[in-house]
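Dear colleague,

Please find below the structure for your review. The findings follow directly after it, grouped by topic.

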Amino acid sequence: MSDLANPTGTLDLAYEACRLETAEWAKTFYLGTLLLPLEKRRAIWAIYVWCRRTDELMDSPEAQTRSVSELADRLDRWEEKTRAVFNGHVEDDLDAVMADTLQRFPQSIQPYLDMIEGQRMDLTWTRYPRFEDLKLYCYRVAGTVGLMTQGVMGVDQAYTSAPWSDCPDTSDAAVALGIANQLTNILRDVGEDRGRGRIYLPQEDLERFGYSEDELMAGTLNNSWRALMRFQLERARDWFARSEAGVRWLSADARWPVWTSLRLYRGILDEIERVDYDVFNHRAYVAKVNKLLDLPRSFLLAQAR
């Protein structure tokens with residue numbers, strides 16, 4: 001296909017494939033999307049799958065067998081394909097749902113290109129000297145998701161209906177939530193990332209708390225590690241707090257889903273504490289029953305602007 005033409009039935013099947021993939025690989029995130037109206041949730045599923053495809057170019061088991069040059073070529077081709085979709089050129093079902101999403105919710109290509117740049121960082125960056133370096137990476141691979149989805153979520157008309165109203169800018173809060181989520185991923189996945197030779201915790205923080213790379217690679221649990229992790233968790237919580245200020249601007253049908261996703265993802269930090277920061281031998285996650293129990297709490301928060 002070379003244009004946006006796609007039979008409705010085929011498009012519905014493609015969106016359903018995106019739903020299934022989101023449900024399988026992003027359970028906490030998926031629960032939040034189910035609270036959105038159908039058109040918005042389908043758009044979010046399409047964006048999620050595009051992001052997952054981008055991530056898998058670097059992080060899938062198959063990708064781990066490829067050379068740096070092969071991975072770089074792969075990212076270059078993906079960028080070309082993404083630019084083509086934004087220009088209306090469709091070659092497969094994922095292209096079709098993305099093109100349909102972009103028609104319904106127009107947005108800039110820049111966050112998508114920035115995310116690809118984040119994957120390029122993984123070609124050469126296996127250590128992050130300072131938090132400022134890590135923050136750039138977190139923006140590119142996750143803060144961008146906030147920018148991709150904010151147009152889908154929309155702004156409450158109560159803030160835009162008057163002639164003198166200025167539409168509030170939710171970008172900073174959207175980016176902050178993405179950075180918070182990525183910092184949480186990093187803390188949860190320290191044990192897995194070391195197996196790929198990557199340490200995302202800033203080197204300046206390891207030095208500050210007297211915890212060595214060798215200890216991290218060996219999965220050493222000691223007081224230095226616990227102090228280091230407490231500091232990292234508080235930093236992540238601070239980014240979640242920054243994101244909260246923007247939720248009140250969102251449209252009424254988006255506030256509950258966003259509050260739910262925010263609170264449940266932040267709950268992973270509590271689980272890391274519960275296992276005494278042993279992310280080497282335990283994968284921290286929020287239990288399904290706790291997710292369900294939090295839904296009414298998030299609903300109540302969503303009623304306030």
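Y277 is buried, with a relative accessible area of 8%; buried stands for under 20% relative accessible area, exposed for over 50%, and partly exposed for values in between (1.4 Å probe, protein chains only). This tyrosine lies in the loop between α13 and α14, where helices (H or I, at least four residues) and strands (E, at least two) are DSSP runs numbered from the N terminus. Y277 has a positive phi of about 65 degrees although it is not a glycine. D276 also has a positive phi, of about 60 degrees, and is likewise not a glycine. D276 is found in the loop between α13 and α14 (288-302), and at 37% relative accessibility it counts as partly exposed.

Please note that this is a predicted model, in which local features need pLDDT of at least 70 and side-chain atom pairs count only at pLDDT 80 or more, while totals for chains, interfaces and linings use all residues. Residues are numbered from 1 along each chain as its sequence is written, and side-chain values use heavy atoms, with hydrogens and water left out.

Leaving aside neighbours within four places in sequence, I272 is in contact (heavy atoms within 4.5 Å) with L187, R188, M229, L233, Y277, V279 and A284. I272 is also one of the residues with the most contacts inside the largest nonpolar core, together with W50, L134, L201 and W225. That core has 89 residues; a nonpolar core is defined as a set of buried Ala, Val, Leu, Ile, Met, Phe, Trp, Tyr and Cys residues joined through side-chain atoms within 4.5 Å. Helix α3 (residues 38-59) supplies the largest share of this core, 11 residues. In soluble globular proteins, nonpolar side chains tend to be buried together.

Turning to charged pairs, the structure holds 38 salt bridges, a salt bridge being a side-chain nitrogen of Lys or Arg within 4 Å of a carboxyl oxygen of Asp or Glu. One of them joins the side chains of E39 and R104 (2.8 Å, N to O). Because E39 lies in helix α3 and R104 in helix α5 (residues 93-104), the pair ties together parts that are 65 residues apart in sequence. E39 counts as partly exposed at 41% relative accessibility, and R104 counts as partly exposed at 42%.

R198 forms a salt bridge with D122, the closest N and O atoms being 3.7 Å apart. R198 lies in the loop between α9 (190-195) and α10 (203-208) and D122 in helix α6 (residues 110-124), so this pair ties together parts 76 residues apart in sequence. Here R198 counts as buried at 7% relative accessibility, and D122 counts as buried at 4%.

E244 forms a salt bridge with R266, with 2.6 Å between the closest N and O atoms. This pair links helix α12 (residues 223-247), which holds E244, to helix α13 (residues 252-274), which holds R266, 22 residues apart. E244 is partly exposed, with a relative accessible area of 26%.

What is the count of disulfides? With a disulfide taken as a pair of cysteine sulfur atoms within 2.5 Å, the count comes to zero. The sulfur of C51 is 11 Å from the closest cysteine sulfur, in C18, and is therefore too far for a bond. C138 is in no disulfide, the nearest cysteine sulfur, that of C51, being 15 Å away. Both cysteines are buried: C51 has a relative accessible area of 11%, and C138 one of 0%.

With kind regards
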